Amino acid sequence: MKNKLFRKTDLIIILAVALAAVAFILWQRMGDTPLTAEISVNGKTVESVDLSKITDRVEIRPEGAENVLIVAEDGKIRFEASDCPDKLCVKQGELYRKGDTAVCLPEKTVITVTGAELDAVTY
Amino acid sequence: MNKKALIAAAVCLLAGIAAVIYFTCAPKTATADFFAMDTYMNFKVTGKNADAVISEAKAETERLDKEILSRQSAGSEVDALNKNYGGVLSERLKKYIDSLLGVCEKSGGGYDFTLGAVSDLWGFGKNPAVPDKDELKNALNLTGADKLRINDSNIAIPQGAVLDFGSAGKGIVLDEVKGILDNSDVREAVISAGGSIMVYGSRDFTVGIKDPEGGNGYVAVLTVPQTCVSTSGSYERYFESEGKRYHHILDPETGCPADNSLISVTVISQSGILSDALSTACFVCGIEDGMRLAEEYGCEAVFIDNNHRIYASAGIKDSIEITGGAYSFADEE
């Protein structure tokens with residue numbers, strides 16, 4: 001043990017620092033893209049939520065799937081409750097990154113998070 | 001010092017150097033927001049020397065406005081030509097006029113950059129009012145790009161015609177800024193000259209078309225590689241009088257706001273000046289003639305009418321995603 005160059009704890013610290021650095025760089029590059037959650041029922045988009053503007057709790061009962069309760073709060077969105085038997089949708093938890101998707105199959109309801117920021121708007 | 005401490009120190013040093021290299025060499029994004037040409041400019045440049053490039057672009061835009069194009073700016077080239085009924089054209093202004101004369105001609109007079117006096121009668125931007133019919137008729141009789149006499153770099157402007165580059169200046173800015181970007185090392189840029197957009201770089205960009213019925217939203221998203229995108233809309237500048245709405249896009253034939261079903265026309269072109277001038281020309285010409293005109297120039301166009309119908313040229317249709325709920329493609333109804 002004495003002759004070993006690094007102890008396990010040293011390696012862990014080095015790894016942690018390296019990971020933090022990579023995360024920081026990625027975060028920097030991502031910039032401040034506002035995220036939008038698209039809620040679709042039966043393949044039709046019924047609601048679009050700008051997650052970047054959500055702070056307080058917003059309850060959504062999507063049109064055509066009124067048994068589903070979706071909650072947006074603090075830049076995140078999730079299935080809060082559903083009448084479906086397995087509650088898989090609720091178990092998928094919070095969505096807040098571009099590409100995050102949760103599905104409630106029995107209610108044919110999908111939440112997808114997309115990076116909605118355009119490069120520009122012409123007028 | 002033991003070996004371990006030495007290695008740890010070396011690792012820290014390397015990390016420090018790497019960080020310094022990353023932050024000095026990593027592409028930087030610089031932005032500039034300012035007012036010029038009676039509109040709002042928003043430039044965003046990413047790459048090496050982004051700061052220097054963006055200040056050059058801003059300075060160039062302000063110079064173009066004050067020293068060449070603005071007819072309101074005392075002492076600008078256009079102001080002097082208007083006051084002296086002509087004179088010697090600078091090389092740049094001659095280039096702009098040559099390409100705009102082409103648009104006037106090909107649009108069958110649907111586009112005209114000599115309508116300054118007519119647009120003054122309407123008072124857009126100041127105290128807008130419906131002008132007296134006779135006054136309008138008289139002013140109109142004196143205008144027309146076809147009445148300009150250009151000989152080499154000399155131009156003669158008949159009395160009453162007033163050069164006005166309001167419908168092309170933003171596009172000219174895009175072209176001049178492109179020249180600056182081409183000579184720099186930038187990776188990408190998004191240049192908005194009052195809603196006329198140039199996306200610059202080797203990726204695909206998304207450009208929204210503003211909702212012509214108001215709000216901050218957009219009704220469709222174009223996905224395009226490097227290009228210029230300009231829009232003319234009847235919602236941009238208008239006033240209401242006796243229950244009727246008057247917008248700022250004047251039909252050179254009547255001197256009155258172009259009266260067709262269109263509310264927004266977007267033209268996509270590699271040339272900024274053409275995208276800008278053609279969006280106005282196509283708005284005045286209407287869907288059929290406008291579509292033909294855009295095609296003649298090899299440009300793509302998107303027309304939106306007051307029934308929420310979207311008409312797109314074949315080359316751009318597949319790159320349009322309609323996001324405004326009430327809107328749909330005219331041929332898919």
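## Chain B and its contact with chain A: a chat

Visitor: How many residues of chain B are in contact with chain A?
Guide: This is a predicted model, so take what follows as a reading of that prediction. Chain A brings 7 residues to the contact. On the chain B side, the number is 22 residues.

Visitor: In which sense do strand S8 of chain A and S8(B) pair?
Guide: Strands of a sheet pair through backbone hydrogen bonds, in one of two senses. Here residues 120-122 of chain A form the strand that meets S8(B), over 3 bridges. Ala120(A) has Val207(B) as its bridge partner, and Thr122(A) stands opposite Ile209(B). The sense of the pairing is parallel.

Visitor: And which residue of S9(B) is the bridge partner of Ile209(B)?
Guide: S8(B) also pairs with S9(B), in the antiparallel sense and over 6 bridges. S8(B) is mostly covered, too, with 5 of its 6 residues buried. In S9(B), the bridge partner of Ile209(B) is Ala220(B).

Visitor: Let's step back to chain B as a whole. What percentage of its residues count as buried?
Guide: Chain B has 9 helices and 17 strands, and its C-alpha atoms fill a box of roughly 95 × 55 × 35 Å along the principal axes. Among contacts between residues at least 6 apart in sequence, 58% join residues at least 24 apart. Of the 333 residues, the buried share is 42%.

Visitor: How far apart are the end C-alpha atoms of H4(B)?
Guide: H4(B) covers residues 91-106, which makes 16 residues. At 1.5 Å a residue, the helix should span 22 Å. The model agrees with that, with the end C-alpha atoms apart by 23 Å.

Visitor: Which residue with a positive phi follows H4(B)?
Guide: Its phi is near 60 degrees. The residue is Gly108(B).

Visitor: What does H2(B) pack against?
Guide: H2(B) has 20 residues and should span 28 Å at 1.5 Å a residue, which agrees with the 26 Å between its end C-alpha atoms. Its buried residues include Val53(B), Ile54(B), Leu64(B) and Asp65(B). Those buried residues pack against S1 (28-36), S2 (39-47), H3, H4, H7 and S6 of chain B.

Visitor: Which strands stand at the edges of the open sheet of 3 strands in chain B?
Guide: The order is S3-S5-S4, with antiparallel pairing. S3(B) and S5(B) pair over 3 bridges, and Val88(B) stands opposite Asn154(B). Each edge strand has a single partner, so one side of it is left without a neighbour in the sheet. The edges are S3 (86-88) and S4 (149-151).

Visitor: Is Ile263(B) buried or exposed?
Guide: Ile263(B) lies in strand S13 (residues 262-269) of chain B. Leaving aside neighbours within four places in sequence, Ile263(B) is in contact with residues including Pro212(B), Tyr235(B) and Ile304(B). The cut-off is 20 or more other C-beta atoms within 10 Å. Ile263(B) has 20 such neighbours, so it counts as buried.

Note on methods
Residues are numbered from 1 along each chain as its sequence is written. Chains are lettered from A and ligands numbered from 1 in the order in which they are written. This is a predicted model: local features need pLDDT of at least 70, side-chain atom pairs count only at pLDDT 80 or more; totals for chains, interfaces and linings use all residues. Two residues are in contact if their C-beta atoms, placed from the backbone, lie within 7 Å. Two strands pair if DSSP finds at least two bridges between them. Helices (H or I, at least four residues) and strands (E, at least two) are DSSP runs, numbered from the N terminus. The expected span of a helix is 1.5 Å times one less than its number of residues. A residue is buried if 20 or more other C-beta atoms lie within 10 Å of its own, exposed if 12 or fewer, and partly exposed in between; C-beta atoms are placed from the backbone.
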